[in-house]
Amino acid sequence: MKLKTFWMVFALATSAQAATTATMAPPLRPVEAHALAAQASAELLSRFHYQNVPLDDAMSIRIFDRYLKTLDPDRIYFLQSDIDTFGAVRTLLDDAILQQKLDAPFAIFTRYTQRVRERMAGARELLANGFDFNKPDSYRYVRTDVPWASSEAELKEIWRKRVKNDWLRLKLAGKDDAAIRDTLTKRYEQAMAHTARSKSDDVFQLFMNAYAESIEPHTSYLGPRASADFAITMKLSLVGIGAVLQERDEYVTIRELVPGGPAARSEQLAIGDRIAGVAKDENAPMADVLGWRVDDVVQLIRGNKDTKVILDVLPADAGPDGKHKRITLVRDTIKLEKQAAAKSVIEVGGDVKQKVGVITLPTFYQDVDARHNNDENFRSASRDVAKLLAELKAENVGAVLIDLRNNGGGSLDESVRLTGLFIDRGPVVQQRNPKGQVRIEQDRDPGVAWDGPVGVLINRASASASEIFASAIQDYGRGIVIGEQSFGKGTVQTLLDMDEMAKSEKPTYGELKLTVAQFFRVSGGTTQLRGVTPDIPLASFADRERFGESSYDNALPWTQIEPADFKPVGSTRELLPALTTRHSARVANDAGYRELLEDIAEVEAIRKRTEISLNEKERRKEREAQEARLKARSQIKGVGDADNDGPALPRDDGLQAGERSLSAELAAEKSRKAARDVLLDEAAHIMGDMVSLTKSGTELARNGKTTAGVAPGQ
């Protein structure tokens, strides 16, 4: 079937079905900018991507499958008949991109929104009579690999069990029937409203990402808005009012005020205040933003520095008909300190205390624009860490631990510069391009910022630049790596600005993030797929089948090249047996660590389950057993969460985000932050051991003696 013919047939079918739903919004359509951006993306990907993957029928099938998985990953909206209808374009999406005719993916999205409305309407109808939880019944919540429902009756049965599970979770959390009915009604209405607020740009980004990610996991398309948000993340600053916003009911609500920002300084706004309207400047009309998406409201609030924005605010303590207040704020540059490097000091040891300096680095950030503009104070991860190292030196710490847990990477330049703070000079990482040419990134600055014992704490979410830094510290023998096997992202991405290429005066076409090279350690092996293996492993919650590079079906393979010309500056290998022995003995007697292992075992058992009982007695018995165990233990960080639709650990009260009161959410968040970080504590103890063993080894070496497992200091 030709693409044009399919679109005509499918459009008629969709319109006929849509007509049965009187309130359904008009279908979204592609615009000219989408067609041009899609074709340009295809040309750029075929010319510059590390893998030469043609856009052909085989790729079209992969795009088709990934697009459907993006829209309906649990197979709870589409029917098999929908998939059969869509199948007519399964091999035609390459033509749709190259011929600038994107009606097909938009038509598929239209059918998706229709199915969401139907399912949510059906879910609300089920709430009228409630459920019988005394009968044997179960719900399969893991549905990624099951067949699509073959009939409307089969899909309704899936949703009967899904809604029944939603009800039971709230009942177990202590809510009565009236409250449950009200909560779930709002939940399903909000899900429908969220879909209805989709824009054509959203659909285009979903489709283009299905294309990009079908080539390789770390290739993606960034629309104009996503591109701006990415730039803000890298710069660690934006111009706005300094408030963290979230959607709650129909309002965009203030969740947090950034200290020192215009909103906090004004003393006119408080957490929980609801934004009902925004005037972009003094001359603009007040836009009624009730029911808007939070990102759209944020776009209105952001603007140029020293300009005014006017907010129409419904105070947190006012009822829905309460008196509004109008607040004028002057936009200013907001530093996103939460993403910046931070330090702390942990004291470890028995009679002889050791001070371990901890530097937490959430991302490898750099304000590229400020640097290019020769701003002496441009934000940079390595510059900030250098300052923190100087402060830790002044505090007389014996060792430094760089905490890179959940650090997904960032600037390659920053990872090289950060490594240079701990080695004198030399290669840090190798890059190979599609032609097989290898380029070596060097630390060329002499001297180090810290010459004492170094540890790097990683987990499964430590990726890319984090892996470059950790592997370099390991290869040079400069320190030890502690934690979990890292993510395994050993590829290099670059951003191609299509607006700049098209000489567009305003953001229109977006950016393309594509893989252009592969990373290799100075020792020759790539960090791709296998990641960095820690010298001393810690307890791990990671599900390697579902998270990490190895979980992708199209990840690049592991390989190796010739080692770089580098000279190790120390040897930590000889210390590892003694460090491991002390670590094993300590965690065996650490109640918090044992509890963490118990939680890991519980999460592992939960992961293996695909179904959950809908019998109240069974669920209550299971939940009470979990709660009893938790009451008898200390609070610790690191407990994993089950899938939203599956069985949950007892800390889950059955409420989804936005259904708890804002104060309850903030209290829970504060409690999590205050909980003991068992893994960080143990990593600090390992570094304390490293200090004492290094000192002992140095003294023994001076006396001409040796001891097994102890080596001279670095």
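Strand 5, which spans residues 251–257, is mostly covered, with 5 of its 7 residues buried. Keep in mind as you look around that this is a predicted model.

Let's stay with strand 5 and see what lies beside it. On one side of the pairing story is strand 4 (residues 243–248), joined to strand 5 by 6 bridges, and the two run antiparallel. Strands 4 and 5 form a hairpin, with 2 residues between them. In that turn, Asp 249 has a positive phi of about 55°.

Strand 5 also pairs with strand 6 (residues 274–279), again in the antiparallel sense, over 2 bridges.

Now for the helices. Here are two pairs that pack together.

| Helix pair | Angle | Axes |
|---|---|---|
| Helix 3 (residues 57–71) and helix 6 (residues 103–126) | about 30° | 11 Å apart |
| Helix 15 (residues 412–420) and helix 16 (residues 465–475) | roughly 25° | come within 9 Å |

How is helix 3 oriented relative to helix 6? Angles under 35 degrees count as roughly parallel, so their angle of about 30° makes helix 3 roughly parallel to helix 6. Helix 3 passes helix 6 in a right-handed crossing. At the contact, Phe 64, Tyr 67, Leu 68 and Leu 71 of helix 3 meet Pro 105, Ile 108, Phe 109 and Tyr 112 of helix 6. By class, the residues of this contact are 8 nonpolar, with no polar and no charged ones.

The angle of roughly 25° in the second pair likewise makes helix 15 roughly parallel to helix 16. Their crossing is right-handed. Leu 412, Ser 415, Leu 418 and Thr 419 in helix 15 meet Ala 465, Ile 468, Phe 469 and Ala 472 in helix 16. This contact has 6 nonpolar and 2 polar residues, and no charged ones.

Finally, step back to the whole protein. It has 22 helices and 21 strands. Of its 714 residues, 50% are buried. Among contacts between residues at least 6 apart in sequence, 76% join residues at least 24 apart.

Technical notes:
Residues numbered from 1 in each chain as written. Predicted model: local features only at pLDDT ≥ 70, side-chain atom pairs only at ≥ 80, totals over all residues. Heavy atoms only, no water. Axes fitted to C-alpha atoms, helices over the stretch in contact; angles between N-to-C directions. Helix = DSSP H or I, 4+ residues; strand = E, 2+ residues; numbered from the N terminus. Parallel < 35°, antiparallel > 145°, perpendicular 65-115°, else oblique. Left-handed = near helix turned anticlockwise from the far one by under 90°. Contact = heavy atoms within 4.5 Å. Nonpolar A, V, L, I, M, F, W, Y, C, P; charged D, E, K, R; others polar. Buried < 20%, exposed > 50% of the residue type's maximum accessible area, 1.4 Å probe, protein only. Pairing = 2+ DSSP bridges.
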